[in-house]
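Student: Please walk me through this protein, one feature at a time. I would like the cut-offs behind each term as well.

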Amino acid sequence: MSIKTMFDIAEFIIRSANMIKHDQVEKMIDALVDMYHNKKNGKILVMGAGRSGLVGRAFAMRLLHLGYNAYVLGDTIVPAIGEKDIAIAISGSGRTKLILTAAEAAKEAKAILITITSYADSPIAKLSDIVVEVPGRTKYSVNEDYFARQILGITEPLAPLGTLFEDTTQIFLDGIVAELMVKLGKTEEDLRQIHANIEL
């Protein structure tokens, strides 16, 4: 069952990749490339709650390796952000209260707000300068009957809560990192130079 679930999740991610809108991705890439070249002292604040926050933390680490000043909401070393900065909110529902409050604060500080969500009409998305819609189940299934879901071919019980959004977002952001490497002329050795040399 565990191997089948891996295939189901992988198939979902492939289907999702075909649904992600290229123009949305290009806007996100353009903003990050512009910051790298024209706002060297700019900061990127990645925001996400729970497992979305863990996905965001992994992305922030790669941004750091690429040469950005990247931070994660909740860490004690997060500096103030302002007009030259970018805030990236990750919320499947686009309604997570903590992230909505943080997004509002980022907008008040005049930072560019990029949101990754499954709902373009959500409160956080409506605040955003750039929205990237990433498909994925974000919370509980409407259909609570396990066997009915199996007959319908719904993979939700095999990927509980927000797993599909989080997994898809993780792969999507890895793709963003790969594209940024090309656009910024970075090699794996460049990233290795910045990678931590003292680790727990």
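Student: Is Asp34 buried, partly exposed or exposed?
Tutor: This is a predicted model, where local features need pLDDT of at least 70, side-chain atom pairs count only at pLDDT 80 or more, and totals for chains, interfaces and linings use all residues. Residues are numbered from 1 along each chain as its sequence is written, and side-chain values use heavy atoms, with hydrogens and water left out. Buried means under 20% relative accessible area, exposed over 50%, and partly exposed in between, with a 1.4 Å probe and protein chains only. Asp34 has a relative accessible area of 30%, so Asp34 is partly exposed.

Student: Where does Asp34 lie, and which side chain does Asp34 contact?
Tutor: Helices (H or I, at least four residues) and strands (E, at least two) are DSSP runs, numbered from the N terminus. Asp34 belongs to helix H2, residues 22-38. A polar contact is a pair of N or O atoms within 3.5 Å; within protein, one must be able to donate a hydrogen and the other to accept it, and residues adjacent in sequence count only if both atoms are side-chain atoms. At 2.5 Å, the side chain of Asp34 makes such a contact with the side chain of Asn38.

Student: How many helices and strands does the protein have?
Tutor: Along the sequence the pattern reads α-α-β-α-β-β-α-β-α-β-α-α-α. That comes to eight helices and five strands.

Student: What kind of aromatic pair do Tyr36 and Tyr68 form?
Tutor: Rings of Phe, Tyr and Trp (its six-membered ring) pair if their centres lie within 6.5 Å; planes under 30 degrees apart count as stacked, over 60 as edge-to-face and the rest as tilted. The structure holds one aromatic pair. Tyr36 and Tyr68 are 5.5 Å apart, centre to centre, with 65° between the planes, and the pair is edge-to-face.

Student: Which parts does the pair of Tyr36 and Tyr68 tie together?
Tutor: Tyr36 is buried at 14% relative accessibility. Tyr68 is buried too, at 4%. The pair ties together parts 32 residues apart in sequence, because Tyr36 lies in helix H2 and Tyr68 in the loop between helix H3 (50-66) and strand E2 (69-72).

Student: Which residue has its charged end over the ring of Tyr36?
Tutor: A charge sits over a ring if NZ of Lys or CZ of Arg is within 6 Å of the ring centre and within 35 degrees of the ring normal. Here the charged end sits 3.6 Å from the centre of the Tyr36 ring, and the residue is Lys40.

Student: What is the volume of the largest cavity?
Tutor: On a 1 Å grid over the protein atoms alone, a cavity is a set of points where a 1.4 Å probe fits but cannot get out, and a pocket is an open set with protein on both sides within 12 Å along at least five of seven lines; lining residues have an atom within 4 Å of a point. Grid points are joined across faces, edges and corners, and a volume is the space filled by probe spheres set on the points. The lining of the largest cavity includes Tyr36, Tyr68 and Lys40. The volume of this cavity is about 60 Å³.

Student: Which element gives the most to the lining of the second largest pocket?
Tutor: This pocket has a volume of about 220 Å³. Helix H1 (2-19), H2 and helix H7 (163-183) each give two or more residues to the lining. With six residues, the element that gives the most is H7.

Student: Which side chains does Glu133 contact?
Tutor: Glu133 lies in strand E5, residues 130-133. Another, at 2.8 Å, goes to the side chain of Gln24.

Student: What is the phi of Lys110?
Tutor: Most residues other than glycine have a negative phi. Lys110 is in the loop between helix H4 (97-108) and strand E4 (112-117). Lys110 is exposed, at 55% relative accessibility. Although Lys110 is not a glycine, its phi is positive, at about 70°.

Student: What separates the C-alpha atoms of Asp85 and Ile44?
Tutor: Asp85 lies in the loop between E2 and strand E3 (86-90). Asp85 is buried, at 3% relative accessibility. Asp85 and Ile44 are 41 residues apart along the chain, and their C-alpha atoms are separated by 5.9 Å.
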